[in-house]
Amino acid sequence: MGERRNGKGCVSLEGEKVILVPYMEAHVPKYHEWMKDPSLLQATGSEPLTLQQEYHMQLSWSRDPNKETFIILDKDLIVGDFSHGEPHLEAMVGDVNIFMNDLDNPLLAEVEIMIAEPKSRRKGLGKESIIMMMTFAIEKLGITCFQVKIGESNGASLDLFQKLGFVETSYSSIFKEVRVELEVGFVIAFI
């Protein structure tokens with residue numbers, strides 16, 4: 001996994017199939033269009049937002065020290081050469097996030113992934129993005145445990161995380177959601 005920084009210290013991560021870039025203001029309109037899809041809203045447990053609310057959310061995420069958000073770029077869709085600091089809207093296919101909000105365990109991070117473009121699903125982009133994000137979190141943030149909350153109807157996500165070694169730790173019948181976790185020792189063995 002390669003890492004690039006722009007002059008402001010923002011990091012891009014490059015893998016075989018994807019490049020993870022910081023979620024920028026220029027990404028918001030396309031992201032907002034994705035989030036109009038009822039199936040994506042359901043799969044991500046999100047509520048619809050106005051475009052202005054989405055811009056506000058992007059700004060708050062970029063300033064939150066307990067959150068890392070990257071837009072997933074499909075390297076096959078990048079037009080021309082990759083330029084760090086450019087949004088590369090043509091190659092946007094989803095996002096990957098980690099949240100470090102557990103006050104009892106500051107070394108625990110919740111992971112979220114969304115491949116929004118149907119043509120980009122089932123190509124290994126999500127798997128590579130998750131592994132890259134977890135590697136970044138281990139190496140740069142000292143995270144030792146990862147957790148994911150997945151809606152019970154989202155079988156594709158549940159299968160993906162189980163293939164990566166995550167194990168079910170709880171189920172919420174109220175939220176109809178499964179919680180899976182992975183300790184770092186297993187991540188290092190997998191990578």
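Is Leu 77 buried, partly exposed or exposed? In this predicted model, Leu 77 has a relative accessibility of 28% and therefore counts as partly exposed, since buried residues fall under 20% and exposed ones over 50%. Leu 77 sits in the loop that joins strand E4 (67–74) to E5. Beyond its neighbours within four places in sequence, Leu 77 makes contact with Glu 90, Ala 91, Val 93, Lys 119 and Ser 120. Met 92 is 15 residues away from Leu 77 along the chain, and the C-alpha atoms of the two are 8.3 Å apart.

With 13 residues, H3 spans 19 Å from its first C-alpha to its last, close to the 18 Å expected at 1.5 Å a residue. Glu 54, Gln 58 and Trp 61 are the buried residues of H3. Viewed down the helix axis, these buried residues fall within an arc of 70°, so they line one face of H3. Their packing partners are helix H1 (28–34) and E4. On the other side of H3, Gln 52, His 56 and Arg 63 are exposed.

H3 also contributes to the lining of the largest pocket, which holds about 1500 Å³ of space. Of the 49 residues lining this pocket, Ala 43, Ile 113, Met 114, Asn 154 and Ser 157 are the closest to its centre. Elements that give two or more residues to the lining include helix H2 (38–44), strand E6 (108–115) and helix H5 (155–163). By residue class, the lining comprises 20 nonpolar, 13 polar and 16 charged residues.

Notes. Residues are numbered from 1 along each chain as its sequence is written. This is a predicted model: local features need pLDDT of at least 70, side-chain atom pairs count only at pLDDT 80 or more; totals for chains, interfaces and linings use all residues. Side-chain values use heavy atoms; hydrogens and water are left out. On a 1 Å grid over the protein atoms alone, a cavity is a set of points where a 1.4 Å probe fits but cannot get out, and a pocket is an open set with protein on both sides within 12 Å along at least five of seven lines; lining residues have an atom within 4 Å of a point. Grid points are joined across faces, edges and corners, and a volume is the space filled by probe spheres set on the points. Helices (H or I, at least four residues) and strands (E, at least two) are DSSP runs, numbered from the N terminus. Ala, Val, Leu, Ile, Met, Phe, Trp, Tyr, Cys and Pro count as nonpolar, Asp, Glu, Lys and Arg as charged, and the others, Gly among them, as polar. Buried means under 20% relative accessible area, exposed over 50%, partly exposed in between (1.4 Å probe, protein chains only). Contact means heavy atoms within 4.5 Å. The expected span of a helix is 1.5 Å times one less than its number of residues. The arc is that of the directions from the helix axis to the C-beta atoms.
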